Amino acid sequence: MEQSLIREKAERIRDVIRYIHRFKNATVVIYIDGIFVDSPVFLSHIKDICLIHESGLRVILVPGARERIDEILKNANIDWTYHNGYRITSENAMPLIKMAAFDVSNQIMTALAGEKKTAVIGNWVRVRGKGVIDGFDYATIGEIDKLQEDSLKTVLDNGFIPIFPCIGWSVSGKPYNISSIQLAAQIAVHLKADKLFFLLPNANINPSLFNIPEGIGLSPEGNVPALNLEELDAFLQVNKDKKNIFEDKIQSVLLLAKDACKAGVTRVHILNGDAEGSLPCEIFSDLGSGTMIYANNYGRIRDMRRNDIADVLSVMKPFVEQGILLPRTKKMLNEQFPFFIVYELDGAIRACASLIPYRDGQMEIAGVAVDKTCSHIGVGPKLIDFLIKRATQMHATGLFLLTTQTSDWFEHLGFISTDISTLPEKRRKEWTPKRNSKVLRYPI
C-alpha cells in the first residue's frame, strides 16, 4: 500500500514537471467572470494565476465586468435591456460603463501587485460599432476590428501581464462596450494561443445539468473532462433544447470554444471558478478539473515503441499486483512491443494493449491495462475497438482473449464466453488450471 501511494504521488509530481516543460512560453488567455472579484475565491485565483505566470507561461487576463456595470448603472438610475445577449444602453451610459470596466481591471491589477506581479491595463483593441442589424440598433455595442498584436507582444516579452477591460475604441476614438467572453476568444484566436480558459461560476458539465452523448466518458468527479470537436457537436445536438439561462450561457461558451479551436487555438478549457485551484489543476494534470475542448493532439492511440517499455510496465504494475495481468519483464516487452499499442495522453503513456497473431490465423487481445486516472473516460473501449478493427483488417480467422477478473467488462463490449478447446494449440498448452482463465471470443 505504501509503495502504491508513493507511486501515485510521484506520478502526480511527474505530471506537473512534464506540463511545465510542455507549456513553457505558451500563451494563455484567461477570462475570469466578474462575479469572482468580490468572492472569497478571488485572491486564491490571483495566486494561482501568478504561479502559472512564474512557471513560464505568458498570461493574458480578460475580466468580466457585468456585475460592476449593473451596480453602477443602477446607482445612476440608468436603464438597459438585453438583445441577443448584448447589453443595450444609451450613449450617456458609456462613461459609467467605462468606469465600471476599468474599476474591475484595476482591482485585478492591485491584487496582482500584492503578489509582486506587474500588470498593464491597455487599450489594444480597435472596434467598430455593431450598428443596425435586422432593423435593431445595437447602439453602444462594438465588435472587435483589430488587435494591436505588436504592442501586446512587447508587453508579454517584458514579463508583464496584460489586462483587457471590456472597452474598445473606434478609429475616431469613440468608445464601445464589447463582450468580455467574446474578447477573450478573439484575443486567443489572433495570437494563436495555446490555451484559452473560461473561469465561470458553477461551470460543471455533467449529467445532472446536461444530456451526455453515449461514448463520452466522465471524470471520477462525474464531469466531462474533454471533448473533441466531433464529440462537441454531438453534445450540442443533444442539448439544443435546453432553456435554462445557465445552460444557455455554457452552450454559448462551447460554441465560442468550437470556433476558437477551428481558428487555431490549441485547447479551450471551461472551469468552475467556484472551486479553488481549478486553474493549476487544469493546466498541470492530464484530466484537470474542468472540461477541455480540443481539435487534435490530446489523447491518441499509436503503436508502441521500444522507449515506451518502462512506461508500459509502470501502467501494468497495479494490474499485475492484483492478479489481473500476468507479470511481464522488460525483456519480454522488448520482444513483444511490435504487437502492442499504447494510449498517449499529452506525451504520457496511460494505457496499453496487444494483438498477438497465431499460425492458424487467430489473434489474441492481451495485456490490456488503463491507468486509473483515465479509467472513467472510455480509453479501454477505444483500445479494444481499435484492436478489433485491426484484427478485421488483417483478416484474422478468430479473435479471443483470456481473463480472470474482467469478463463482465469484456462481455459488455461484445465478447462471448467460449471453451479453451477453441484456442490455438500453442495458446492452449500455455493455459493452466491454476490460473483458470476464462476464454472470451469476439465474433468477427
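The protein chain holds 14 helices and 23 strands, where helices (H or I, at least four residues) and strands (E, at least two) are DSSP runs numbered from the N terminus. This is a predicted model, in which local features need pLDDT of at least 70 and side-chain atom pairs count only at pLDDT 80 or more, while totals for chains, interfaces and linings use all residues. Residues are numbered from 1 along each chain as its sequence is written, and side-chain values use heavy atoms, with hydrogens and water left out.

**The chain as a whole**

- Along the principal axes, the C-alpha atoms of the protein chain fill a box of roughly 85 × 45 × 35 Å.
- Of its 444 residues, 49% count as buried, meaning under 20% relative accessible area, with exposed set at over 50% and partly exposed in between (1.4 Å probe, protein chains only).
- The accessible surface of the protein chain is about 21,400 Å², and 52% of this belongs to carbon and sulfur atoms; the areas come from the Shrake-Rupley method with a 1.4 Å probe.
- Among contacts (heavy atoms within 4.5 Å) between residues at least 6 apart in sequence, 71% join residues at least 24 apart.
- There are 53 positive and 52 negative side chains, and the centres of the two sets lie 6 Å apart; Lys and Arg count as positive, Asp and Glu as negative, and His and the chain ends are not counted.
- The place of each charge is taken as NZ of Lys, CZ of Arg, CG of Asp or CD of Glu.

**Strand β19 and its two partners**

- Strand β19 (residues 348-357) is mostly covered, with nine of its ten residues buried.
- β19 pairs with strand β18 (residues 340-345) in the antiparallel sense over six bridges; pairing requires that DSSP find at least two bridges between two strands.
- In this pairing, phenylalanine 340 stands opposite serine 354 of β19.
- The hairpin of β18 and β19 has two residues between the strands, and aspartate 346 there takes a positive phi near 50°.
- Strand β20 (residues 362-370) is also joined to β19 by six bridges and runs antiparallel to it, with alanine 351 opposite valine 370 in β20.
- Four residues lie between the strands in the hairpin of β19 and β20, where glycine 361 takes a positive phi near 95°.

**Asparagine 228**

- Asparagine 228 lies in strand β14 (residues 226-228).
- Its side chain reaches the backbone nitrogen of glutamate 230 at 3.1 Å, and a polar atom of that side chain lies 2.7 Å from the backbone nitrogen of glutamate 231.
- The C-alpha atoms of asparagine 228 and methionine 292 are separated by 8.3 Å, although the two are 64 residues apart along the chain.

How values were computed. A polar contact is a pair of N or O atoms within 3.5 Å; within protein, one must be able to donate a hydrogen and the other to accept it, and residues adjacent in sequence count only if both atoms are side-chain atoms.
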